[in-house]
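Hi everyone, thanks for coming. Let me bring up the model I'd like to walk you through today.

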Amino acid sequence: MIPKSHPRYESLVLRDKMVKASQEGYLADSALIAHGRGEAFDYLIGEKTTYPAKRAMYVAVAALLLSSNPVISVNGNATALAIDEIIELANAVKAKIEINLFYRTDERVKIITRLYKDHGYKNILGTLDDDIEYIDDIKNNRATASKTGIYSADTILIPLEDGDRAEILKNAGKNIITIDLNPLSRTSKMSDVSIMDNIVRAIPFMTKIAEDLKTQDKKVLMDIVNDFDNEENLKESLEQIRMKE
Ligand code: ATP
């Protein structure tokens, strides 16, 4: 039991969740390393949501609300850290949820499928019995997607994604939004909207934004999206790290 008064309480709670998920068998070994990289960047921004991240979140939610087939792509890390929050966001923006794993095994897919169902989300995509296609006919594990989900999606939220997958989605003409604490990652650089924040803070914040933006005119949402420059926003995100020196 970690005492709440511990200066690294939040961070240690997240570590505990990751260790538990690893023991439950739905994380690849490298998942803990990816988490550690995220932790390091979170430390550098003071473990707080920055202004550029908030701005990117408004744009991301506006884009999701404007889309005809938005999908949230989930892996083991995202599930371990924010399963209920992801389900809430999906409901708020009417997005589907699809499992996509870097090291996909039947066992991991089975466990993650069951977790979403146990948490009340019945229509999870990317499962073992889903209709899986290769994006742009690329015969590579990272190019697989559910036919009614990512394969036909216009906008995809890819939290904690690797650069190869992001590149395939980008080349396929998808509008991609990432949540990635590393503003220098290939995924952050390649995305249309990059949110440099911890998934555990970003997802609930985006659900709140969705409640607000849902009632706005389409024109307002389009203006929010069109006024945004991801490259500029990433520069400002990096600046936030320098400012903490
Ligand atoms: P790329 O291939 O895009 O250059 P990478 O090699 O860092 O990135 P991975 O290690 O597969 O790719 O991706 C994990 C990414 O997720 C890392 O950039 C890490 O900073 C980020 N990350 C880890 N934990 C979190 C978290 N809790 N919230 C947000 N981002 C996180």
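Here's one to start with: leaving aside its neighbours within four places in sequence, which residues is Asp162 in contact with? They are Phe102, Arg142 and Thr187. Please keep in mind that we're looking at a predicted model.

So where does Asp162 sit? You'll find Asp162 in the loop that runs between strand 5 (155-159) and helix 6 (163-171). Its relative accessibility is 17%, and because buried here means under 20%, Asp162 counts as buried. The side chain of Asp162 also has a polar atom 3.2 Å from the backbone nitrogen of Arg165.

Now, on to the ligand.

Arg37 places a polar side-chain atom 2.4 Å from an oxygen atom of the ligand. For Asp180, an N or O atom of the side chain is 2.9 Å from a ligand oxygen atom. With Leu181 the backbone takes part: one of its N or O atoms lies 3.2 Å from a nitrogen atom of the ligand. On its own, the ligand has 630 Å² of accessible area, and the protein covers 85% of that.

What about the make-up of the shell?

Thanks, happy to chat!

Technical notes:
Residues are numbered from 1 along each chain as its sequence is written. This is a predicted model: local features need pLDDT of at least 70, side-chain atom pairs count only at pLDDT 80 or more; totals for chains, interfaces and linings use all residues. Side-chain values use heavy atoms; hydrogens and water are left out. Helices (H or I, at least four residues) and strands (E, at least two) are DSSP runs, numbered from the N terminus. Buried means under 20% relative accessible area, exposed over 50%, partly exposed in between (1.4 Å probe, protein chains only). A polar contact is a pair of N or O atoms within 3.5 Å; within protein, one must be able to donate a hydrogen and the other to accept it, and residues adjacent in sequence count only if both atoms are side-chain atoms. Contact means heavy atoms within 4.5 Å. Accessible areas come from the Shrake-Rupley method with a 1.4 Å probe; for residues, only the protein chains shown count as cover.
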